[in-house]
Amino acid sequence: MLGLEKLLQRKPSQLSGGQQQRVALGRAIIAEAPVCLMDEPLSNLDAQLRGEMRREIRALQQRLGVTMVYVTHDQTEAMTMADRVVLLRAGRIEQVGSPEDLYERPATAFTASFIGAPPMNLLQLEGERDTVGVRPEDVHIGAEGLAARVGAVEYLGADSLVAARAQGQDLLVRVPGRAAARAGDNVRIAWDRGNEHRFDSQTGGRK
């Protein structure tokens with residue numbers, strides 16, 4: 001099940017990090033434990049191996065029906081592996097819900113700023129008492145909206161991230177493919193009001 005058949009004669013020191021992780025998983029499976037606690041198990045692996053192990057662990061959990069309590073600081077692991085996320089901040093529970101809940105309806109400004117890559121833009125706009133949150137993919141550059149100045153553009157292949165500054169605040173815009181804007185350009189940015197998230201400026205709670 002774990003693809004370790006060819007490695008049975010090796011000592012632990014002769015195994016890679018990912019293989020050692022699979023041995024640890026094998027021990028948990030053999031023990032038939034109903035609950036398995038994993039404390040940042042992939043933190044020492046390189047990015048490619050982390051991605052492979054995420055998929056392997058998730059597939060094993062679903063196949064075996066084991067309850068896994070998985071501790072991580074990596075939001076990608078939390079979003080891709082969890083059925084339910086408990087987001088902690090300074091020892092307190094910030095929000096509990098599915099990955100979709102935390103991303104689409106964050107309960108607090110902290111959740112909004114923590115979940116998502118890149119995270120949600122949180123803005124204190126002129127004439128607004130609330131903190132306005134909007135995801136970078138929901139912001140667009142056009143002929144109308146807030147006046148902004150482009151600081152940098154990161155081309156990522158499938159899309160680009162445009163870093164801009166408006167009303168003295170930094171925000172990110174995710175655009176498909178290559179961005180037409182360049183560093184130093186003066187642009188207008190806007191978004192659909194239906195995509196806004198509003199948070200209390202004092203407590204950070206969702207409104």
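Helices (H or I, at least four residues) and strands (E, at least two) are DSSP runs, numbered from the N terminus.

The model is predicted, so local features need pLDDT of at least 70 and side-chain atom pairs count only at pLDDT 80 or more, while totals for chains, interfaces and linings use all residues. Residues are numbered from 1 along each chain as its sequence is written, and side-chain values use heavy atoms, with hydrogens and water left out.

**Helix 1**

Select residues 17-30. The 14 residues of helix 1 should span 20 Å at 1.5 Å a residue, and the end C-alpha atoms are 20 Å apart, which agrees; the expected span is 1.5 Å times one less than the number of residues. Next, colour Gly-18, Gln-19, Arg-22, Leu-25 and Gly-26, the buried residues of helix 1. They cover an arc of only 110 degrees around the axis, which puts them on the same side of the helix. The arc is that of the directions from the helix axis to the C-beta atoms. Buried means under 20% relative accessible area, exposed over 50%, and partly exposed in between (1.4 Å probe, protein chains only). Show strand 1 (35-39), helix 2 (47-64) and strand 2 (67-71), which are among the elements covering these residues.

**The loop after helix 1**

Glu-32 follows helix 1 and has a positive phi, near 55 degrees. Move on to Pro-34, in the loop between helix 1 and strand 1. Pro-34 is exposed, with a relative accessible area of 63%. Leaving aside neighbours within four places in sequence, Pro-34 is in contact (heavy atoms within 4.5 Å) with Val-66 and Thr-67.

**Helix 2**

Helix 2 has 18 residues, which should span 26 Å at 1.5 Å a residue; its end C-alpha atoms are 26 Å apart, in agreement. Its buried residues are Gly-51, Met-53, Arg-54, Ile-57, Arg-58, Leu-60 and Gln-61. They pack against helix 1, strand 1, strand 2 and helix 3.

**Cavity and pocket**

On a 1 Å grid over the protein atoms alone, a cavity is a set of points where a 1.4 Å probe fits but cannot get out; a pocket is an open set with protein on both sides within 12 Å along at least five of seven lines; lining residues have an atom within 4 Å of a point. Grid points are joined across faces, edges and corners, and a volume is the space filled by probe spheres set on the points.

To find the cavity, select its lining, which includes Leu-25, Ala-28, Ile-29, Leu-60 and Leu-64. Helix 1 gives the most to this lining, with 3 residues.

The largest pocket has a volume of about 710 Å³. Of its 26 lining residues, Tyr-70, Val-71, Thr-72, Val-85 and Val-86 lie nearest its centre. Strand 2 supplies the largest share of the lining, 5 residues.

**Nonpolar cores**

Finish at Ile-189 and Trp-191, which touch the most other members of the largest nonpolar core, a set of 19 residues. Such a core consists of buried Ala, Val, Leu, Ile, Met, Phe, Trp, Tyr and Cys residues joined through side-chain atoms within 4.5 Å. A second, separate core of 14 residues includes Leu-4, Leu-7, Leu-25 and Leu-42.
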